[in-house]
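Please keep the sequence and the structure in view while reading.

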2 protein chains.
Amino acid sequence: MLFQSNCLVLSRSLEAMARKKQYNEQEVIDKAMALFWRNGYEATSVRMLEKEMGINQFSIYASFGSKHGVFLESINTYKKRIKRITDKLQASQNGKEGIKQYFYDFLKFARENGVNKGCLVTNTVNEIKKESDPVLMEELSKFADGIKQLFLTNLLQDQNKNPQLAKKQANYLMNCILGLSVASKVFEQSELDDIIEITFMNI
Amino acid sequence: MLFQSNCLVLSRSLEAMARKKQYNEQEVIDKAMALFWRNGYEATSVRMLEKEMGINQFSIYASFGSKHGVFLESINTYKKRIKRITDKLQASQNGKEGIKQYFYDFLKFARENGVNKGCLVTNTVNEIKKESDPVLMEELSKFADGIKQLFLTNLLQDQNKNPQLAKKQANYLMNCILGLSVASKVFEQSELDDIIEITFMNI
DNA sequence: CCATAATCTAAGCAATTGCTTAGCTATTAT
DNA sequence: ATAATAGCTAAGCAATTGCTTAGATTATGG
């Protein structure tokens, strides 16, 4: 599994060593994530992963155990990649303006060659049934809660903000960015800009 | 195909007649729609449709041509079913309050046995790739535009409303209800209520 | 140089996919 | 009753799914 086989290698340094992996696990997961992001989980076959990751099915199963395992690592990598903009939001001291910037940052983050792919986490919540994979679902919920919490702390930076209201507004903002994840796939950029402006008009 | 074979029957009344269909096409499509709504397009197999619709695969293909054909008819039926609440919005004279009511009506419409299934059209936009079925995608876009237009005309009922602003607000409201379609699958009802209240607070 | 062992290629597995078809059944006009 | 015809059942089709495995390849320690 990812980054564990290397440790295994170290712990066995006394025995006879064998062939080295001809690929970097993080690199091939990056490519897998891009494919899942574009296509969704079900619509991405192991044959497609083979091509995109540039390695044989044997290697995929040796490194990640299953298609599901590749997907879990893809989600982890997605979180790593989006951390760049959530960290920026965490560091922000501009109240709701910082959150607004996060909305624009997210749209940029989710765009590739002019195509909006939405949020991989949101796409996944939309695709899988809650009861089919409750562990993954719980993980995705926690990710969303983390972002909602960031919204809340940023909202509370604004003066005279009622904490009760701020909590509701955090839910409201979460709903708006969920909408943007979907809307960005269909709407024009100018419409998305309008939406963001109205969204932050009265909070 | 749906409601065409009956016409065929009429036009051939002089020749020998044969066995009658043992199912009602609208009834079995209602069941197919429910399944697609719960599971999505790809995750619904023809074998599952067989069971849910209560008819053999032969009958499915005789009546609707393909799995894709069943889905197209399911979308049509979805539009018929949701018409009950869009018609209510069309008849409303309460400005933004009528739209707010539509939000609540939609959440009720999308709930089945306590489970929120979202909007079938939104789910589909989220699942299929734009280029894989541009005809269907165009149809779904038109449906969404129709609702956006209803938002706009209702907004313009409010006094002293700037038409330019109203257009942006219609996009904003469309984004919020797209969000609700996703959020309703994960959020508690009280949170959804909070979201709707805040959504209409600043327009 | 050779034994060991991890990684590679490529063929193959059962199960499932959307769809078709052969043969039986039911309904009608004559 | 009989012939004609449409609908039904159920078996079967090729293609694709996620996953496995046999055998060749490559790297290391002794």
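**How the two chains meet**

The contact between the chains draws 30 residues from chain A and 29 residues from chain B. The model is a predicted one, and the points below describe how its parts are placed relative to one another.

*The side of chain A that touches chain B*

- Three helices of chain A, namely α7 (120-127), α9 (163-183) and α10 (189-199), each supply at least two residues of the side of chain A that touches chain B.
- The most is given by α9(A), which provides 11 residues of that side.
- Sorted by class, the side of chain A that touches chain B holds 13 nonpolar and 11 polar residues, together with six charged residues.
- Because 97% of the interface residues of chain A are also interface residues in chain B, the copies meet through the same surface.

*The relation between the copies*

- Chain A is superposed on chain B by a rotation of 180° with 0.0 Å of shift along its axis, and the RMSD of this superposition is 0.1 Å.
- The two copies are therefore related as by a two-fold rotation axis.
- Within chain A, the C-alpha nearest the axis belongs to Gly179(A), at 1.8 Å from it.

*The surface near DNA strand C*

- DNA strand C is surrounded by 29 residues, and the closest are Ala18(A), Asn56(A) and Phe58(A) from chain A, with Met17(B) and Ser45(B) from chain B.
- Helix α4 (57-64) of chain A, along with α3 (46-53), α4 (57-64) and α5 (67-91) of chain B, each supply at least two residues of the surface near DNA strand C.
- The largest share of this surface, four residues, comes from α4(A).
- By class, the surface near DNA strand C consists of 12 nonpolar, nine polar and eight charged residues.

*Trp37(A) and its surroundings*

- Trp37(A) lies in helix α2 of chain A, which covers residues 25-39.
- Since a residue is counted as buried if 20 or more other C-beta atoms lie within 10 Å of its own, Trp37(A), with 20 C-beta neighbours inside 10 Å, counts as buried.
- Leaving aside residues up to four places away in sequence, Trp37(A) touches Lys117(A) and Leu120(A).
- Trp37(A) and Val121(A) are 84 residues apart in sequence, while their C-alpha atoms are 9.0 Å apart in space.

Definitions and conventions: Residues numbered from 1 in each chain as written. Chains lettered and ligands numbered in written order. Predicted model: local features only at pLDDT ≥ 70, side-chain atom pairs only at ≥ 80, totals over all residues. Near = placed C-beta within 6 Å. Nonpolar A, V, L, I, M, F, W, Y, C, P; charged D, E, K, R; others polar. Least-squares fit on C-alpha atoms with pLDDT ≥ 70 in both. Contact = placed C-beta atoms within 7 Å. Buried ≥ 20, exposed ≤ 12 C-beta atoms within 10 Å, placed from the backbone.
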